[in-house]
Amino acid sequence: MITPRRKERLIALVVLATALFTPPLLLVADRAGGSPSWLPAYLFVAWALVIGLMAWLMEGGRGE
Amino acid sequence: MRDELTVLTIAFGYLALLFVIAAWGDRRAEQGRSLIGSPTVYALSIAVYCTAWTFYGSVGRAAQTGPSFLLIYLGPTLAMLLAPFVIRKMVRIATAQRITSIADFISARYGKSAGLGALVALIALLGITPYIALQLKAITLSYAMLVDYPQEAARRLDEASFLADKSFWVALVLAVFIILFGTRHLDASERHEGMVAAIAFESLVKLAAFLAVGIFTVFVLYQGPADLFARAAATPALEQALSLAAVPGGSLGWVGMLVLAFLAFLTLPRQFQVLVVENVDERHIQRAAWLFPLYLLVINLFVIPIALAGLLGDAGSDPDSFVLTLPLAAGGEGLPVLVFIGGLSAATGMMIVETIALSTMVSNQLVMPLLLRSKRLPQSSRGALAGWVLGIRRVAIFGILLLGYSYHALIGDAYSLVTIGLVSFAAAAQFAPALLIGMYWRGANRLGAGLGMSAGFLVWAWTLLIPGFAQSGWLDAGFLSQGPFGLGWLRPYALFGLEGWDIYTHSLLWSLTANVGLLVGVSLFARQSPLEQTQAALFTEALHPRLDQASLWQGQTLRGDLRALLDRYLGAAATARVFADSGAEDDDQSAPPALVARAEQALAGALGNASARVLIGSVVRGEALDLEAILSILDTTSETLEMNRRLEQKSRELERIGRELRDANERLRELDRLKDEFVAMVSHELRTPLTSIRAFAEILRDNRELPDDKREHFLDVVVRESQRLSRLIEEILDLARLESGRLTLHPQRLDLADLTRHSLEAIQQPQEERGVSLEVAIEVEAAPVIGDPDRLEQVIINLLDNAGKFAADEAPRVRLQLARHKRGFRLAVEDNGPGIAESERERVFEKFHQIQREDDGTVRGRPRGSGLGLPISRGIVAHLGGRLWVEAAPILGGACLVMELPEAPEESPRTTPAPAVPAGE
C-alpha cells in the first residue's frame, strides 16, 4: 500500500501541515493585519492545500 | 410549522427513518451486498466526530474565541494525514486480535490485562458521559428554542419534569435503536453494518443542514460574503474577533488545543469504534485520509460568517444557538426545522456510536471479568452465556444513556457546549500514551501504562472535572483561587504555580506529563510477563509481513474440552464455525495449535481479550503463546527477507551471465560456420587452378602429336595456373599468419611517396598491357611513415591491381592520389568502374568476397584475384596503425579504396631499425 517514495512524500506532507497550522508561520498570517483578521482565511487556504495534496498523494500517486 | 406536534412528528419521524436505513443496511449485509463496503461511507461514518458540539458549539466558540474552533478540526486533519501509518496499523492489529473497543485494545497490548481494560473502561465512562449529556442538552435547548422563540429559551430544565423533556424520550428511542442494531451479534468485533449506514446518512444530513443555514446567512441575510465581512470590518468591537489575540492562551493555547484534538480524535471511544472496529477494508483508509478532512473543512466553511452575522445582528445573547436563532429571527419556518433536524442528527449519531462503544467496554471489561471471577455464572446450559453477555450489554446501553441524561438534568446547565466537549477530549487523551507508545515501543509495560493512565486521570479530574463541579455551584469555589487547605501550589487552574495558561492546555500539559512520565519511567524498570512480551511484539510488529499468529501456539488441550468451552460461552452455531475447518476428528484427540488460536479469537471477539485469555487458560495446559517462538519467527522472517533479496540479486546476476554466455556461444557458432565456409572456399579456389593444370598436363601426356604452338600454349597455361596456385597458397598462408598473429612485420621509417613511385613502376607494365590508363597525383614532397616496405608495397600493388581489374571495360582509368590528411597520409586509388554499393563496402574486406562477385556472371577478360588481397591488406594496414576502407570515387566515379597511415614521428638522430614485432595482438 505504501511504496517508499510515497511514504517519504506523506511524511513531508505531515511536516508541512504541522508547520502551516502552528506558530510561527501562523503568526505571520495573524500579523498581516486586516479587520477582521486574515487568520481564518489563511487557515482555510492552507487546510485546502493540505487536503488537495493528500488527495493527490492517495488517489493519484498510485502508479509509482 | 413550529408547533410542538409538527416538530415532534418530524423529529421522531427522522428517528424512524434511521431505523429503516439501519434495517436496510443489515438486510443488505445478510444478503452479502454490503451497503458500507465503500471508502466514502467509511469517511462519512468517521464524521460522527462532528457532534452537536460542532453543529451548535463551533459558532459559539468562533463568536467567543475567534479561530480557535478550527483547532478541533485541524487536529484530526493531522491525525488523518498519519492514517496510512497509524490507523492502518491499528486496524491490522484489531483484525488479528479481534479487538472490540479501545479498552480491549489497550488491555490486549499489555498482556491481555483485565485490570488495565477495566481502568480504560472506567475512565471512558466517567469522561464521556458528560459528552453524551451534552448531546441531550443540545437537543433539549434546540427544541425549546424552536418551539418557544422569540421567548428567550426561558424554560429551564429544573422547571419541567423529565417526562416533559423531549430529550429523555429521544434517549429512550435511541436506546431501543442501539439495542436493535448494536447488539445483533455477540461478536462485538464484527461490524454493525446497519448502524454504520445510518451514521453515514446522519453525517450527510447534518452537513446539508449546516450548509443550508450558512448559505441562508451569507446570501439571504447579507449580500454575499463581501458584504458580511465589510460590515464586520466596520464594527470596532469585532476588530480583534478573528485574530490570534482572541484565542485563549495565545500561541501556546493554540498548540495545546491542536495536540488535544489530535490525540482525542484517535482515542475517543466512538472514533476508535468507527475508525478501527467498524473498518471493513484497510484500503478504505486511503480515501478517508483526505475525504474526511475535506468534510471537516466544508462543514466549517460557514462557521465564521454565521458567528459574525450573529454578533452583528439581534440573534440573541447565546452564541451557541446562533445557528438556530438566525433563521428564526429572519422569520423562517422550514429552515429552523431543518436546522433542528441537523442538530438532532449530529447528536444522535454521536450518542449511538458512543453508547455502543461504551456498552461493549462495560460488558467486556467491567462486568464479564467480575462474573468470570466470581463463578456465579450458570454452569450447565449450552450457549446460555451468550445471552448473558448480550443482556449485560443491553442493560449497559440503557444505563449509559440514563447516566448521560441524569448528568444533563443535574449539572448540565453550568457549562456551555464547548466546555463539556473539551473536558471529555482531555479525558480521552489520557489513553493516547498507552495506545500510541504501546504500538511503537515494545518495552512499554502494563504497570507503567496503568500507573500513567491513573495519574493522568487524577490530574485531569483535579484540573478540569472538579473545578467544573465547583463552577456549577456543587462545591465551594474557594479552592479554585486559594487552593485546597490553603495550599496555593495545588490550585486546579494554576498547578505548581503555572499561571496564565488556558485551562485545557494547562490540564493537558500536567496530565500528559504525569501519564507519559510514569509510563516510560516505570516501563524502564518493571518486568513484563511472557504473555505481555508476546503481545507487545505482536502489536509493534503488526505491519510485519507474514506474521502468522496461529503458528505461535504451543499449549495443549483436548478438542472436546475446547468444544465444551466454546459451546458454553458462544453457543452451538459459533462453535461449529470455529471447528468447521478442522475436520471431524475425535474429541479425545488434542487440539491443533491453530484451532486453539481460533477459539481464543472467537472468545475475544465476544468477551474481550482479557476474558478470552482467562477462559482459554482454564482448559489449555502450558503457556499458550511463546515469546521465543514469536521473536524467532520475526527474526527468521526478516532473515528470510534479506536472504530473498540476496537471492534475487544473485539470480539477476546469473541471468546476465547466462545471456552473455548465450551471446558468446552464438558468436562461436558463427565463427565455426565462417571457418567451414573458409575451408570450403579455399578448397574450391585451390581446385580450380589444379583442375586446369591437371587437365592440360593430361592432354600433353596423352597427345604426344600436338602441334608445337598448341603445346606451348598449354604449357603456358600450366605455368600460369601453377603461379596462380602458389600465389594463392602464399596469400592463404599470409592470411593464416595474420589471423593467428604470426605474421612478422619489420616496421621502419620510410617515405610513402618513394614507396608509391616504386610500386607504380612495378605495376605499370601489366596495367599498360591491359589498356588501363594510370593517373598519378602525389601531392606531398615526402610522406614519412612507419611501415614494413615489402608489405606496404604489396598493399599498394594490390590496390592498384584491383582498381585495374574493376575499371570500366571501355577506356579503363585508374587514379592514384597521395596527400596529407591531418596528422597522416592518405593514399587513394580510384577507378571508373561500376563502383561498390554502400551496403557492400565492408563486405569486400571479407575473405573470398570478390570471387563470388566474379562468379555471378560479371567475369571480365582480366586475371582473377583470389579474393584474399583486400582482407590481407587491411590486416597489414591495421597493424601499422592505419586504416583501409572503401568510399565513392570523387573524380572517376567508381570505387575508391583509401589507405590512411599516421605520420612518423620526428626523425631521431640515429635511425635504428625497430625490432621485429609479430602482427596481431
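Colleague: How many other C-beta atoms lie within 10 Å of Lys822(B), and is the residue buried or exposed?
Modeller: Lys822(B) is exposed, because 9 other C-beta atoms lie within 10 Å (20 or more such neighbours make a residue buried, 12 or fewer exposed, and a number in between partly exposed, with C-beta atoms placed from the backbone). Please note that this is a predicted model: local features need pLDDT of at least 70 and side-chain atom pairs pLDDT 80 or more, while totals for chains, interfaces and linings use all residues. Residues are numbered from 1 along each chain as its sequence is written, and chains are lettered from A and ligands numbered from 1 in the order in which they are written.

Colleague: What is the phi of Lys822(B)?
Modeller: The phi of Lys822(B) is positive, about 50 degrees, although the residue is not a glycine. Lys822(B) sits in the loop between E5 and strand E6 (824-831) of chain B (helices are DSSP runs of H or I with at least four residues, strands runs of E with at least two, numbered from the N terminus).

Colleague: And which loop holds Ala811(B)?
Modeller: Ala811(B) belongs to the loop between helix H31 (789-806) and strand E5 (813-821) of chain B. Its phi is near 50 degrees, again a positive value in a residue other than glycine. Ala811(B) is exposed, as 10 other C-beta atoms lie within 10 Å.

Colleague: Turning to chain A, which residues does the cis peptide bond join?
Modeller: The cis bond joins Pro23(A) and Pro24(A), with omega about 5 degrees. Pro24(A) is placed in the loop between helix H1 (4-21) and helix H2 (25-31) of chain A.

Colleague: How many residues does each chain bring to the contact?
Modeller: Chain B brings 29 residues and chain A brings 26 (two residues are in contact if their C-beta atoms, placed from the backbone, lie within 7 Å). On the side of chain B that touches chain A, helix H4 (71-81), helix H10 (224-233), helix H11 (250-267) and helix H13 (284-300) of chain B each supply at least two residues. H13(B) gives the largest share of that side, seven residues.

Colleague: Back to chain B as a whole: what is it made of?
Modeller: Chain B has 33 helices and nine strands. Of its 921 residues, 49% are buried. For contacts in chain B between residues at least 6 apart in sequence, 83% join residues at least 24 apart.

Colleague: How far apart are the end C-alpha atoms of H1(B)?
Modeller: They are 39 Å apart, and this agrees with expectation, because the 27 residues of helix H1 (residues 4-30) of chain B should span 39 Å at 1.5 Å a residue (the expected span is 1.5 Å times one less than the number of residues). After H1(B) comes Gly32(B), whose phi is positive, near 80 degrees.

Colleague: What do the buried residues of H1(B) pack against?
Modeller: They pack against helix H8 (166-182), helix H9 (193-221) and helix H16 (334-374) of chain B. The residues concerned are Ala11(B), Leu18(B), Ile21(B), Ala22(B), Gly25(B), Asp26(B) and Ala29(B).

Colleague: What about H8(B): what is its length from first C-alpha to last?
Modeller: H8(B), with 17 residues, reaches 23 Å, close to the 24 Å expected at 1.5 Å a residue. Its buried residues include Phe168(B), Leu174(B), Phe177(B), Ile178(B) and Phe181(B), and Lys166(B) is also among them.

Colleague: New topic, the sheet: what is the strand order?
Modeller: The order is E3-E5-E6-E8-E7 (chain B), an open sheet of five strands with mixed pairing (strands pair if DSSP finds at least two bridges between them). At its edges are strand E3 (773-778) and strand E7 (883-888) of chain B, each pairing on one side only. From one strand to the next, the twist averages 15 degrees (axes are lines fitted to C-alpha atoms, for helices over the stretch in contact, and angles run from 0 to 180 degrees between N-to-C directions).

Colleague: In which sense do E3(B) and E5(B) pair?
Modeller: E3(B) and E5(B) pair in the parallel sense, over six bridges. Ala777(B) has Gln817(B) in E5(B) as its bridge partner.

Colleague: Which strands does helix H30 of chain B touch?
Modeller: Helix H30 (residues 752-770) of chain B packs on the sheet and touches E3, E5, E6 and strand E8 (895-902) of chain B; its direction makes about 175 degrees with that of E3(B). H31(B) also packs on the sheet, touching E5, E6 and E8 of chain B, and its direction makes about 25 degrees with that of E6(B).
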